Amino acid sequence: MYDRKTWVVLFFCIALLGVNFHFSAKNREALEKAAAKEAAEEEESVEYLKETAKTTTGGLTVDTPPPPTEEETVKLGNDKITFTFSNIGGGIKYAEFAKEFAVGSESKKVRSNRNGPGPIGALANSSQEVINTPYAYEKSKSVAGKTAVYYAVLDSGLVIKKTYSLESRDLPGAPYLVNCKLTIENRGSGSKNLGDLSLFLGAASPLYQNESPNQTGFFWREDGDMHFKHGGKFKKKPVILSPADQKVRFAGVANQYFTTVIQPISPAMTPVWGKASKFELEEGEELRRAVRAGISLPSIQLQPGESKSLKYRIFVGPKQNTMLRQMENHYGEGWGDVMQYGMFWFISRPLNWLLNLYHDLIDSFAHAWAWGLAIIILTITVRIFIWPLHAKSTRTMKRMSKLKPKMDELREKYKDDPNKLNMETMGLYRKYGINPLGGCLPMLLQIPIFFGFFRMLQYAVELRGHGFLWVPDLSQPDTLTEIGLPFALPFLGDAIPV
């Protein structure tokens with residue numbers, strides 16, 4: 001049996017052991033708290049270092065951009081087109097059409113801005129050179145597949161933020177539309193004129209070797225007026241700058257079948273510029289001319305610390321007459337003029353509508369031949385429509401041919417008296433009921449119809465890739481060669497195809 005002294009010693013040891021455990025736990029908890037605090041302070045220090053690598057001004061936080069060699073791309077799109085955005089320049093590097101292929105290819109898809117010196121939506125300086133500054137892609141503020149947000153700080157001290165988003169409304173042309181919000185803040189020491197900058201419209205270039213140079217160029221629409229400058233205009237002028245006499249509704253670049261258009265949501269008197277460059281469409285072939293352009297920002301003086309937001313609508317799509325005409329009801333007038341039908345637009349537009357109508361009727365039972373048959377039926381329709389003019393002209397010419405012997409007699413009889421000859425000739429016309437203009441006037445009236453018909457078929461993007469009988473592509477001419485001219489002819493350009 002243990003005595004009382006032993007029990008006291010044992011109890012005291014147990015108490016000391018308990019006190020030791022108690023203070024050891026507290027010490028361990030204190031050490032854990034100290035370690036957590038140290039880790040938190042280290043994390044705060046890292047975050048602080050990150051924040052010092054950013055520029056915060058007026059609510060815009062801009063990450064330090066990556067080096068130019070580290071290009072990063074983001075894709076936004078739908079079942080008709082895919083927009084590929086690049087952080088170099090902060091815009092649309094190119095747009096690829098899902099169901100449009102290069103001439104003669106079943107796999108190589110058509111790309112807009114494939115020869116551009118920078119992305120669509122990039123900024124250009126006062127010398128019309130694209131500023132390919134590296135931008136920071138804000139992934140946290142972007143929605144995958146729907147929006148893309150970019151930040152950058154220019155050497156001039158301007159902070160740039162660009163927010164791109166796909167058109168979400170179910171409207172005509174919506175699949176080819178991108179909304180762009182451009183926010184600019186001046187964090188420099190002096191005021192900056194935004195008019196010294198312009199928004200790059202991209203570049204347009206021919207799709208095939210024999211495409212006429214007159215079909216590729218840049219354009220802009222002022223209040224009620226459409227202006228187009230094709231590639232041939234740049235032979236003597238390296239840069240064409242439009243005057244800012246009226247508010248520019250939109251501007252763009254185009255080739256025969258596709259276009260890129262930028263429309264300011266708030267139109268302003270902003271100049272539009274265009275440049276040309278040559279490129280090799282296929283290795284070893286003759287150089288072709290590509291045209292690039294830009295639309296200036298509004299002439300606004302931005303004071304230090306001030307910011308300005310501008311909104312734009314970007315369209316990259318086919319020059320499809322029906323769609324562009326429908327877009328006028330939602331995005332303003334003038335979109336139909338992008339077709340470049342010219343002075344005979346009042347002929348070309350209804351003919352294009354008829355062509356699509358006939359195609360839709362035929363497509364259900366002859367899909368492979370629908371477009372070819374639609375062209376044939378449309379040609380018959382046009383011939384029926386102009387038949388009265390043609391018949392009148394033919395009848396007049398036949399009557400005049402029957403009068404030729406009598407006319408020869410009058411010329412011989414009054415060869416020394418021109419006035420008498422004219423009087424007798426007019427009397428002969430009245431006697432047989434012949435109008436001397438009845439032969440040529442009906443023919444002249446048919447010319448606008450033929451020109452309008454030709455122009456409509458020339459720009460019918462609907463025909464691309466569709467064949468008929470022995471013709472592989474109805475949008476392509478069966479051209480053996482071309483005869484170059486020292487000057488340009490209306491509708492033909494500076495080369496006559498054979």
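Guide: Rings of Phe, Tyr and Trp (its six-membered ring) form a pair if their centres lie within 6.5 Å; planes under 30 degrees apart count as stacked, over 60 as edge-to-face and the rest as tilted. Phe97, Tyr176, Phe250, Phe258, Phe315, Tyr331 and Trp335 form one aromatic cluster. The model is predicted, so local features need pLDDT of at least 70 and side-chain atom pairs count only at pLDDT 80 or more, while totals for chains, interfaces and linings use all residues. Residues are numbered from 1 along each chain as its sequence is written, and side-chain values use heavy atoms, with hydrogens and water left out.

Visitor: How many aromatic pairs does the structure hold?

Guide: There are 15 aromatic pairs. One of them joins Phe97 and Tyr176, with 6.3 Å centre to centre and 45° between the planes.

Visitor: Which kind of pair do Phe218 and Phe234 form, and how do you know?

Guide: Their centres are 6.1 Å apart and their planes at 45°, so this pair is tilted.

Visitor: How do you know whether Phe218 and Phe234 are buried or exposed?

Guide: Buried means under 20% relative accessible area, exposed over 50%, and partly exposed in between (1.4 Å probe, protein chains only). Phe218 is at 0% and Phe234 at 5%, so both are buried.

Visitor: What angle do α2 and α3 make, and what is that angle called?

Guide: Helix α2 (residues 321-331) and helix α3 (residues 345-363) pack at about 120°, with axes 10 Å apart. That makes α2 oblique to α3: angles under 35 degrees count as roughly parallel, over 145 as roughly antiparallel, 65 to 115 as roughly perpendicular and the rest as oblique.

Visitor: Which residues of α2 are buried, and how are they placed around the helix?

Guide: Asn321, Met323, Leu324, Met327 and Tyr331 are buried. Seen down the axis of α2, they fall within an arc of 160°, so they line one face of the helix. The arc is that of the directions from the helix axis to the C-beta atoms.

Note on methods
Axes are lines fitted to C-alpha atoms, for helices over the stretch in contact, and angles run from 0 to 180 degrees between N-to-C directions. Helices (H or I, at least four residues) and strands (E, at least two) are DSSP runs, numbered from the N terminus.
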